[in-house]
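User: I am new to this structure. Could you take me through some of its strands, a helix and the contact between chains?

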Amino acid sequence: MRFVDEYRDPVPARSLLSLITELAGGDAFKFMEVCGGHTHTIYRHGIEHLLPESVELVHGPGCPVCVIPMGRVDDAISLAERPGVIFTSFGDMMRVPGSRANLLAAKAGGADVRFVYSPLDALRIATENPDREVVFFAVGFETTAPSTALTLLQARAREVANFSVFCNHVTIIPPIKAILDSPDFRLDGFLGPGHVSTVIGQRPYRFVPARYRKPLVTAGFEPLDILQAIAMLLAQIREGRCEVENQYSRVVRDEGNPRALAVLAQVFELRPHFEWRGLGFISQSALRLRDDFAGFDAERRYELPGVRVADPKACQCGEVLKGVIKPWQCKVFGTACTPEHPIGTCMVSSEGACAAYYNFGRMHREAAVAIGSKA
Amino acid sequence: MCLGIPGQLVTLDGTNPHLAVAEVSGVRRTVNIGLLEDERLQPGDWVLIHVGFAMSKIDEKEAERALAGLRLMGRAYEDELESMKASLEGS
């Protein structure tokens, strides 16, 4: 229990852990935390080692940087290397490896790649550089997609003709469904993502209990939030209930943010298919610009290689993203693949399971082994 | 990029109802509040900000909890703040 002392408020943590232990009894449970932010909290605070041995957390696909396939990074680099283009991207994407290089290397090689905090910064760069073509590399789940949508609406209203978006926005429900449908997988429930749910609300998750008979509890990002959500999942199971519950109701509303959903529907439509790194093609799992915004769509404006590239053989990000293996079980973890020289995407983003484990988790695990606690 | 950072609204933009100035960890920047139009936000209100857009209204207690949690995240939070500051310099 030594790690509990790190929490700002150890008393509720201890009582939640006792409750979890009591509810779990002698049975084994496996819950998936869908969101990379949760993975980060879990490793940062050594939560896995506080839980009773019978309660296991597995990491899910909710890291948007991690799921972008190599071919899309290659497309981004080819856009960045076009003469006259200013290519703008969130900092998280700069070190994600493509098949030959990453955006940082493209920048070092002379491409005008700039990292931005907000899509609005990219739009501003476009208005300040009317003689250049400015492309924004849009990534993220429903958390960031409304921001891209509002930026596109502004670009259209202000007729910023030299601005376009390379859209790689993905949606959270299809990968959850893909994981539920995968035949080799046993899960007892989900910790639902926090910030995505502020946009989509709780309704889209109802199919999880209704069709798959698995409970889902939307959780906040603090250690106590995670522990409470686990206790809520176990309580549902013990009471014979199977529902969508909201542990993070202080931020997430059941109906989500209707205005954000309306903006998404106005600007984007679902792609028939999109490739996810490690997970393969998932139907209707990503967004593209509607025809009304064709002029702002980098994929229609420019010729892109669009070549599908297989993940490196040594990299097991796919297994990590599906929760089949833990980061340290990957053959190249911490040796060939480190945050400084990542092979796989999970090692790039701070929300990637491998980077979070590399930076924080392994110390907790080593300490747990040393004191003879759960390893 | 996925991190929601709490900010407190300082002033609303008199000419554009979608814009407000928020203070985030001691830094002031313009944020877009268009997605929270229905909340009738006022100076002093707290919001969670993602990539320059306020995505949800929160209370002060939640803002404190979220900030404490973010500080514990270390580098990821520092990187996000840095990129936010860098984006201000260009504005």
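Analyst: One term comes first: two strands pair if DSSP finds at least two bridges between them. Note too that this is a predicted model.

User: Which residue is the bridge partner of A:Phe87 in E4(A)?
Analyst: A:Phe87 belongs to one face of E3(A). Four bridges join E3(A) to strand E4 (residues 112–115) of chain A, and the two run parallel. Within E4(A), A:Phe87 has as its bridge partner A:Val113.

User: Which residue in E5(A) stands opposite A:Val85?
Analyst: E3(A) also pairs with strand E5 (residues 133–140) of chain A. The sense is parallel, over five bridges. Opposite A:Val85 stands A:Glu133.

User: How many residues of H11(A) are buried?
Analyst: Helix H11 (residues 223–238) of chain A has 16 residues. It is largely enclosed by the rest of the structure, because the buried residues number 13 of the 16.

User: How far apart are the end C-alpha atoms of helix H11 of chain A?
Analyst: At 1.5 Å a residue, its 16 residues should span 22 Å. The model agrees, with the end C-alpha atoms apart by 23 Å.

User: How many residues of chain B are in contact with chain A?
Analyst: Chain A brings 35 residues to the contact. By class, that side has 13 nonpolar, 13 polar and nine charged residues. On chain B, the number in contact is 31 residues.

Definitions and conventions: Residues are numbered from 1 along each chain as its sequence is written. Chains are lettered from A and ligands numbered from 1 in the order in which they are written. This is a predicted model: local features need pLDDT of at least 70, side-chain atom pairs count only at pLDDT 80 or more; totals for chains, interfaces and linings use all residues. Two residues are in contact if their C-beta atoms, placed from the backbone, lie within 7 Å. Ala, Val, Leu, Ile, Met, Phe, Trp, Tyr, Cys and Pro count as nonpolar, Asp, Glu, Lys and Arg as charged, and the others, Gly among them, as polar. The expected span of a helix is 1.5 Å times one less than its number of residues. A residue is buried if 20 or more other C-beta atoms lie within 10 Å of its own, exposed if 12 or fewer, and partly exposed in between; C-beta atoms are placed from the backbone.
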